[in-house]
Amino acid sequence: MSVPELFDTHCHIDDSRFDADREDLHARMAEAGVTRFAVIGTELASSRSAIDYARAHGGAVAAVGFYPGDADAFRGAEDLAALAEWAKEPEVRALGEIGLDYHWPDNPSRETQRRVLSEQLELAWELGLPCCFHVRDAHPDMIEVLRKHRTHLTGGIMHCFSGSWETAQEYLRLGYHISFAGPVTFRNARKLHETAAKCPAERILIETDSPYMAPEPVRGRRNEPTFVRHIAERIAELRGIPYGEAAALTTRNACRVYGLPFPE
Ligand code: NI
């Protein structure tokens, strides 16, 4: 019996929370059809770890970069040079996660976040790599930054998208893909349901962001890439298409974004 293949476009599977059952986890993923996944860095050490994990596991790619919560750790030219060097490794298919997060009061200043984002956007352009964006409570500024870099954008993914359909359309016009995580499975997430139903088929992606953001019906537990099937199920329901079709179209889109050959 074969199950449809799934691509988890954003996870932190190298996290120590998976150390105890890593082997079982990969067996569960294979059983659920999760044959491909992207391991995402948030600063230098986790970026290196993402590459090494992807190298050691078939079907995996990596993204490297400084996410907004770690923007204070970014040392400018020195770190850009390290990311550029690592980007030569074949596993590295994107810069990320990068972006803006105004949700947490303890986060680096907005000015620092915007500077670190802008410098990495320019690096992505130089390297010709797409970006994985983390945006929380900061969509107007994010759209403004992207518009400023309009002639230097490389495409990519709005990870764990959390905005309205109107906001999604701004990102779609700028050429980005919309990726849905656990929240799209929540009953009261009407805005996300609308966006998941209306998003053009060639721009829709799924992810877990594990170990965070567990979807229904496993909400509150440690999340894992296996559970991306719950996202695919919900997307299928919201779009009124069979599960196999939701799996196929999101996997095809993910392969295209990350520059991988399509599965049969
Ligand atoms: Ni993440």
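**Exercise 1. Decide whether His10 is buried or exposed, then do likewise for Glu97.**

Step 1. Start with the terms: buried means under 20% relative accessible area, exposed over 50%, and partly exposed in between, using a 1.4 Å probe and protein chains only.

Step 2. His10 has a relative accessibility of 1%, so His10 counts as buried. Glu97 has 3%, so Glu97 counts as buried too.

Keep in mind that this is a predicted model, where local features need pLDDT of at least 70, side-chain atom pairs count only at pLDDT 80 or more, and totals for chains, interfaces and linings use all residues. Residues are numbered from 1 along each chain as its sequence is written, and side-chain values use heavy atoms, with hydrogens and water left out.

**Exercise 2. Find the protein donors of the nickel ion and describe its site.**

Step 1. Donors are N, O and S atoms within 2.8 Å of the metal (3.2 Å for Na, K and Ca); water is not among the atoms, so sites may look incomplete.

Step 2. Lying 2.1 to 2.4 Å from the nickel ion are His10 (NE2), His12 (NE2), Glu97 (OE) and Asp209 (OD).

Step 3. Look at how far apart two of them sit in the chain: His10 belongs to strand β1 (residues 6-11) and Glu97 to strand β4, 87 residues apart, so the pair links distant parts of the chain. Helices (H or I, at least four residues) and strands (E, at least two) are DSSP runs, numbered from the N terminus.

Step 4. Now the angles. Four donors count as tetrahedral if all angles lie between 85 and 135 degrees; four count as square planar and six as octahedral if opposite donors are over 155 degrees apart and all others between 65 and 115; anything else is irregular. Here the angles among the four donor atoms run from 87 to 179 degrees, and the site is irregular.

**Exercise 3. Work out which residues of helix α3 are buried and what they pack against.**

Step 1. In α3 (residues 77-86), the buried residues are Asp79, Leu80, Leu83 and Trp86.

Step 2. Viewed down the axis of α3, these residues fall within an arc of 125 degrees, so they line one face of the helix. The arc is that of the directions from the helix axis to the C-beta atoms.

Step 3. Their packing partners are α2 (44-56), β3 (60-64), β4 (92-101) and α4 (110-127).

Step 4. Zoom in on α4: Leu80, Leu83 and Ala84 in α3 meet Glu119, Gln120, Leu123 and Leu127 in α4, where contact means heavy atoms within 4.5 Å.
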